[in-house]
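Hi,

Here is the structure I promised to pass on.

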Amino acid sequence: MDNASLAPRPVPSNAPPTPSGALATDLDAADFDAYSDDDLVRLCAELKKRNAALDQENRLFESYHARVNPTTTNTASNGTAAASGPDDDRRAGPGTQPHQQYPAGADAAAAAAAAVGRREKKKKGEKTKEADKPIALTPEQKSEIATRELEELRDEIEKQKEEWGKILDNHRAELEEVEIRVSEIKKSMYEFKRDIVQQAVNPRTGKVVAERVLRYFDDKIRAKDAIIEKVRLKNATLKVQKNKLHLQLKQKEEMGEVLHAIDFDQLQIENKQYLAKIEERNAELLKLKMTAGNTVQILNFYKASGAAFLQLACLHLSTTQKRLQLLTGESNKLKTEIEQRTEFLGRLNSEAEVVLEETRQAESINERLKTKNEEFKVPHVMEYVHLKTQQYELMKKVKSWERKVEIATMQTHRMKKIWHQMSSQGHTKGNVAVGQMNKGSMFPALV
């Protein structure tokens with residue numbers, strides 16, 4: 001909303017009363033008696049809105065100025081607090097207490113002198129009002145300041161979120177510790193009821209046996225004593241480690257290996273980094289604990305519904321086992337069939353190789369025969385006749401020689417018989433017979 005639209009407009013002396021919405025341009029020179037009640041109410045509401053907006057802008061600019069120049073803002077605030085004495089008391093009204101009290105010995109003359117000084121200051125201020133007008137900010141500057149303050153506000157919100165997240169994590173950890181303690185107490189109560197209330201009751205008198213109760217508490221005390229002893233031993237070891245570290249530190253100090261300020265700064269930075277890592281790990285641990293709690297709840301639910309599911313699983317398992325047996329039988333049959341087929345395929349491959357080898361040999365023989373057939377030349381007719389006559393003569397000779405061979409074999413058989421007869425009659429007679437036979441023609445066909 002523009003400042004000119006908020007300011008009331010002047011009303012002429014002879015003009016009728018202003019209608020609703022017509023405001024004067026200058027509030028100091030405005031004649032409020034000429035306005036109606038509705039116009040005054042409207043003007044008052046608009047001025048309140050304008051003042052609220054200006055108040056918000058001033059607070060925004062003051063926060064920006066305080067963040068940019070904190071020293072100047074502190075000195076300015078101190079100066080304004082020191083200078084705002086009598087004027088603020090005068091403006092506060094009779095019903096309010098003044099910020100600055102005059103001393104008891106001040107008289108009316110001092111008050112009158114202060115009033116005259118204020119009048120003179122007011123006149124001087126009226127003269128230099130136009131010369132000392134403050135320089136207004138441009139809309140771009142206002143927008144830049146507003147965006148910077150918005151970014152700072154967002155950063156502060158993020159920091160607050162982180163801090164409240166840490167606080168929330170701490171509260172969650174405390175709640176988890178309380179839950180653990182409550183669970184331990186419930187467990188001890190359950191054990192006490194189980195071991196003492198239910199089992200340590202005398203059936204005759206109906207009262208709890210004191211010996212059992214004492215024994216139970218003695219066992220608990222022994223367990224606590226064992227825990228205390230463990231913690232004491234751990235504390236003793238930590239003390240020994242602490243003394244060793246103190247000795248090492250003294251030795252370093254004696255040798256001159258003392259840490260300087262830079263080393264302490266570096267250690268502080270590393271400590272901050274490790275603390276940040278520890279916080280991250282604690283957050284991860286809390287998440288893991290929450291997931292573990294959820295998994296425990298889910299596990300309890302599955303345990304509750306596990307019996308029915310187990311029965312269904314058993315039925316399903318029996319059916320699957322039967323089906324598995326059938327499938328294994330079929331798979332064995334298929335394996336045997338596959339083995340037979342593979343053997344048959346191997347035989348076929350071997351036979352195919354043999355057939356290929358035979359075809360290669362046949363092709364080679366065929367090639368040789370083709371070459372011989374191409375190289376063969378038919379002889380002349382007379383040569384053929386001559387060869388046939390030679391063949392016929394040779395056949396005749398062969399037949400005559402075969403006849404001679406038959407006669408010679410018959411003669412040799414006959415001579416072998418005679419030889420045997422002569423060998424049986426005597427050696428001398430045999431010699432005579434052999435001499436006579438030598439004189440004769442032994443092979444008449446061959447002579």
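Residues are numbered from 1 along each chain as its sequence is written, and side-chain values use heavy atoms, with hydrogens and water left out.

First, the overall layout. The protein chain has 11 helices and 0 strands (DSSP runs numbered from the N terminus: H or I of at least four residues for helices, E of at least two for strands). Of its 447 residues, 7% are buried, meaning under 20% relative accessible area, with exposed over 50% and partly exposed in between (1.4 Å probe, protein chains only). Taking contacts (heavy atoms within 4.5 Å) with a separation of 6 or more, 34% are between residues 24 or more positions apart.

Next, confidence. The pLDDT (the predictor's confidence in each residue, from 0 to 100) averages 75 over the protein chain, and 71% of the residues score at least 70. Residues 81-116 have pLDDT below 50, with 11 contacts beyond near neighbours in sequence. Where pLDDT is low, the predicted coordinates should not be read in detail.

Now a helix pair to look at. The axes of helix 2 (residues 37-68) and helix 6 (residues 139-198) come within 10 Å and cross at roughly 70 degrees; axes are lines fitted to C-alpha atoms, for helices over the stretch in contact, with angles from 0 to 180 degrees between N-to-C directions. Residues of helix 2 in this contact include Leu60, Phe61 and Arg67, and those of helix 6 include Ile145, Arg148 and Glu152.

Finally, the cysteines. The whole structure has 0 disulfides (pairs of cysteine sulfur atoms within 2.5 Å). Cys44 is partly exposed because its relative accessibility is 37%, and Cys314 is partly exposed at 46%.

Cheers

Definitions and conventions. Predicted model: local features only at pLDDT ≥ 70, side-chain atom pairs only at ≥ 80, totals over all residues.
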